[in-house]
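Visitor: Please take me through one part of this model closely. I would like to look at how the chains meet.

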Amino acid sequence: MSSSGASNALLPASRPGSIPDRRGAAAIELSGVTRVFGMSPALVRVTLTVDRGETLLVRGPNGAGKSTLLRVMGTALSPTYGGGSVLGFDLSRERDEIRRRTELLGHRTRLYEDLSARENLRFACVLYGIDQDGIGAVLERVGLLDVAGERVRAFSQGMRQRVAVARALMREPELLLLDEPYAGLDADAKEVVDEAITAARADGRTVVLATHDPTRGAIADRTVHMEQGRMLPGEPARRSGRDQVTAG
Amino acid sequence: MVAAERLMGKVTARRGERLLGWSALTALAVSAVFSLVIAPPDAEQGEVQRLMYVHVPAAWLAYLAFGVVFASSIAYLVTKKTRWDRLAVASAEVGVLFTALTIALGALWGKPVWGTWWTWDPRLTTTAILLLIYVGYLAVRRLPDSPARRARWGAVVGIVGFLDVPIVHLSVLWWRSLHQLPTVARLGKPTIAPIMLAALLVAVAAFTLVYLYLVAFRLRVGRLEERVVAEALSPRLGEPVDRLMQDVDLPVEAPAGG
Amino acid sequence: MKLFREVVAVAAKDVRIEARSRYALGAVLPFAATVLIAFGLSIGPGRTLLQETAPGLLWLAVLFASILSFRRSYEAEGEDGALEGLLLAPVDKAAVFLGKAAAVAGQLLVLEVVVVLLVSALFGLSLGSEPAVLAGAFVLGTIGLAGVGSLFGVLTESARAREAVFPLLVLPLATPVLVAAVRATALATGSPGGGGGSWLGLLLAFDVVFLSTGTLVYGYLLED
C-alpha cells in the first residue's frame with residue numbers, strides 16, 4: 001500500500017521517501033493547464049515556469065484564478081486539461097512526492113474547531129512526521145502562546161490564520177505556496193509571514209505568493225498578473241531576464 | 001485490457017451499433033417464437049410459466065450488467081481512462097433498468113402462482129436490495145462537479161456495491177430459511193424439459209444482445225454528452241473541440257444531420 | 001509502526017473532538033431514544049409483540065442513529081477544510097479511513113450500551129442468556145457499520161449527499177449487518193429464531209470485506 005492518495009494500492013507502490021529529489025528540474029513547470037468547475041473555467045491554458053529558489057508573486061483581482069493556480073500547484077486540485085511537474089514530479093502521477101515537499105497555505109485554514117491551537121499543531125506534526133518539540137516556539141513566534149490551549153472555535157479569523165502560519169513554519173518545505181497569507185493578520189503577524197518567506201529564500205527554497213495586498217510582495221523576484229483565469233503577458237522577469245510566462 | 005478496449009471500439013462504432021441493434025431485434029423475434037409457440041405450456045403452472053423466458057434472462061442481465069460495472073470500475077481506477085467510466089455508467093443504467101424489470105416480471109409471475117405480488121423470497125429480496133444499491137450508485141454520480149471525481153466516486157461505489165451483493169444474498173438466504181414457505185421451494189425445479197431449456201437459452205442470448213445494444217447506444221450518448229460540454233467550453237478556452245474531448249480515439253459523429 | 005501511529009492519531013483526534021462537542025450525547029442519543037419510543041407507540045402496547053420485535057427495533061434505532069454519527073464525523077473535517085489537509089499530508093490514506101472508522105465505532109458502542117438498556121427497559125428484552133454472542137454481535141456489527149459509514153462519509157462533503165444520497169447508499173449496503181446482527185441478538189436474548197454463531201461469521205465476513213476494500217479505495221474518494 002502506498003502512502004497516499006493519487007497513487008494507490010492498485011498501482012505500483014511508492015515507499016515514503018524512496019524517490020530521491022530531482023534537483024535538476026525546475027521548481028514548477030505548467031503547460032497549458034486548464035481547470036474547469038462545472039462549465040466555468042477558473043484557469044485557462046496557463047503555461048508557466050518557476051525556477052528553483054525563485055520567489056514568484058501572483059497578482060490579480062478576486063476571481064482571477066490565483067487560488068486555483070496555487071491549489072493545482074499544491075495538488076489539491078487536478079488540472080482538467082494540460083499538466084506539468086512540481087519539483088520535477090508529475091502533477092497527476094507523483095502527487096505524494098509533491099505533497100511531501102510542498103506546503104500550501106490556503107484560504108481555508110484546515111483547523112479542527114473543537115481542538116486547541118496546540119492540539120491542531122500536534123496532530124499536524126504526526127501527519128507530517130515532524131518533531132513536536134518546536135510547537136511552543138512557533139506559537140510564540142505568531143504570538144499565540146497565551147491562548148494555545150483554547151479551542152480554535154473561539155478564535156477570530158486572524159488568529160486562525162496565525163495558527164495556519166505557525167503550522168507552515170514548522171515545516172521547511174522545498175516549495176511554499178502562500179495564498180493570501182496576510183488576510184486578517186495584524187502588522188506583527190504579517191511580518192512573521194515575510195520573515196518566513198525571507199528564510200525560505202535564504203535557504204534557496206521556492207516561494208509562490210498570491211496576494212492583492214499592495215503593501216506586500218516587494219520581496220518577489222518576479223511578478224505575474226492574472227485575469228479571468230489567464231496569465232497576462234508578463235512584465236520581463238527581473239531575475240532571469242527571460243520571459244517565461246506565455247499568455248493563454 | 002487493450003484488446004477489450006479495441007473490441008469496445010468496434011462495438012460502439014456506428015456500424016457495429018446498428019448491426020447489434022438488428023441482431024438483437026431478430027434474436028428477440030426468434031426468442032418470442034420459441035417461448036410462445038414452440039415451448040409447451042408448463043404442466044402445473046400452464047401458460048403463465050412462459051414468463052420465465054423473460055424473467056430469468058432479465059435477472060441474468062442484471063447481474064451481468066453489475067459485473068461489468070465492477071470490472072470497468074477497477075479498470076478505470078487502474079488506467080484512469082475515461083472510456084472505462086463511460087462503460088461503467090452505461091452498464092449501470094441498463095442494469096438498473098433490467099433489475100427493475102426483473103422485479104416487475106417476478107411480481108407478475110408471483111401473483112397467479114404464489115397468490116401474492118411480493119414474497120420475501122431470497123432471490124427477490126436480494127434483487128430489490130441490488131436495485132437500491134445501484135440507484136444509489138447513479139445518485140452518487142450526480143454529486144461532484146468534476147468529471148474525474150465523478151468517475152472516481154462512481155468507481156468506488158461500483159466496486160464496493162458488487163462485493164456486497166454475495167453477502168446480502170447469503171444473509172437474506174439464511175434469514176429466509178427461518179420461515180420457509182412450501183411454495184417457494186418449487187421455484188428451483190430440479191429438471192426442465194429440453195425444449196424449455198432451449199427456449200430459455202435462446203431468450204438469454206437475445207436479452208444479452210439487447211443489453212449489448214443498449215450499452216453501445218449509451219456509450220455513444222456518453223461521448224456526445226462530452227462533446228456538448230467540449231463545444232460549450234471550446235470558445236471560452238480557445239481550444240479546438242477535439243482537444244477538449246478526453247480519451248476519445250473513436251470517431252464521434254455530430255449529433256444531428258447525419 | 002508508522003501506519004499504526006497515524007491510525008491512533010486520527011482516531012484520538014476524532015474521539016477528542018467528540019468528547020468536546022458532545023454531539024453523540026446531545027443529539028444522537030436523544031434521536032435513538034425518540035426512534036425507540038416511536039417504534040413502541042406504533043407497535044405496542046402488547047408485551048409479546050414488543051418483545052419479539054425488540055432485536056429488530058434495537059438495530060434499526062442503532063442504524064438510523066449511526067447515520068448521524070457518520071455525518072458528524074465528517075462535519076468536523078469539513079468545517080474549515082481539514083479533510084483537504086489530510087489529503088495533502090504525506091500520510092497513508094488508509095490510516096485516515098481506519099482511524100475515523102475506529103473512532104466512530106467506539107462512539108457507536110457507547111451509544112449501543114445505552115440503547116440496549118433502553119430497549120430492555122421499554123420492550124422487556126431479557127439480556128442474560130448468551131452474553132458472549134450478544135457482545136460479539138454488537139462488536140462485529142458496529143465495526144461493519146463504521147466501515148461503510150467512514151468510507152462513504154467522504155461523500156457528505158457534497159451538500160446534496162448530506163441530505164439523501166448518503167443514507168440511500170449506506171442503508172442498502174448495510175443490509176447484511178442489519179439482518180445478521182438482529183438474528184444474532186435475537187438468539188442471544190432468547191427470543192424465538194436465531195441460527196448460531198454462523199450469523200457472527202457473516203458479520204465478520206462483512207467487516208473483512210468492507211475494511212479491506214475501504215483501505216484500498218479510500219484514497220480515491222479523497223482526491224479531487
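Guide: The contact between chain C and chain A takes 29 residues from chain C and 29 residues from chain A. This is a predicted model. On chain C, four helices each supply at least two residues of the side that touches chain A: α1 (2–21), α4 (82–88), α5 (93–123) and α9 (198–222). The largest share comes from α1(C), with eight residues. By class, this side of chain C has 13 nonpolar, 12 charged and four polar residues.

Now turn to chains B and C. Helix α5 (residues 122–141) of chain B packs on helix α7 (residues 159–173) of chain C. Their axes are 9 Å apart, at an angle of about 150°. That is over 145 degrees, so α5(B) and α7(C) are roughly antiparallel. Their crossing is left-handed. From α5(B) come I129(B), L132(B), I133(B), G136(B), A139(B) and V140(B). They meet V165(C), L168(C), L169(C), P172(C) and L173(C) in α7(C). By class, this contact has 10 nonpolar residues, one polar and no charged.

Chain B also holds helix α8 (residues 194–237), with 44 residues. At 1.5 Å a residue, α8(B) should span 64 Å. Its end C-alpha atoms are 63 Å apart, which agrees. G238(B) follows α8(B), and the phi of G238(B) is positive, near 70°.

L60(C) sits in helix α3 (residues 47–78) of chain C. L60(C) has 17 other C-beta atoms within 10 Å, so this residue is partly exposed. V35(C) is 25 residues from L60(C) in sequence, with 8.6 Å between their C-alpha atoms.

Technical notes: Residues are numbered from 1 along each chain as its sequence is written. Chains are lettered from A and ligands numbered from 1 in the order in which they are written. This is a predicted model: local features need pLDDT of at least 70, side-chain atom pairs count only at pLDDT 80 or more; totals for chains, interfaces and linings use all residues. Two residues are in contact if their C-beta atoms, placed from the backbone, lie within 7 Å. Ala, Val, Leu, Ile, Met, Phe, Trp, Tyr, Cys and Pro count as nonpolar, Asp, Glu, Lys and Arg as charged, and the others, Gly among them, as polar. The expected span of a helix is 1.5 Å times one less than its number of residues. A residue is buried if 20 or more other C-beta atoms lie within 10 Å of its own, exposed if 12 or fewer, and partly exposed in between; C-beta atoms are placed from the backbone. Axes are lines fitted to C-alpha atoms, for helices over the stretch in contact, and angles run from 0 to 180 degrees between N-to-C directions. Angles under 35 degrees count as roughly parallel, over 145 as roughly antiparallel, 65 to 115 as roughly perpendicular and the rest as oblique. A crossing is left-handed if the near helix is turned anticlockwise from the far one by less than a right angle, and right-handed if clockwise.
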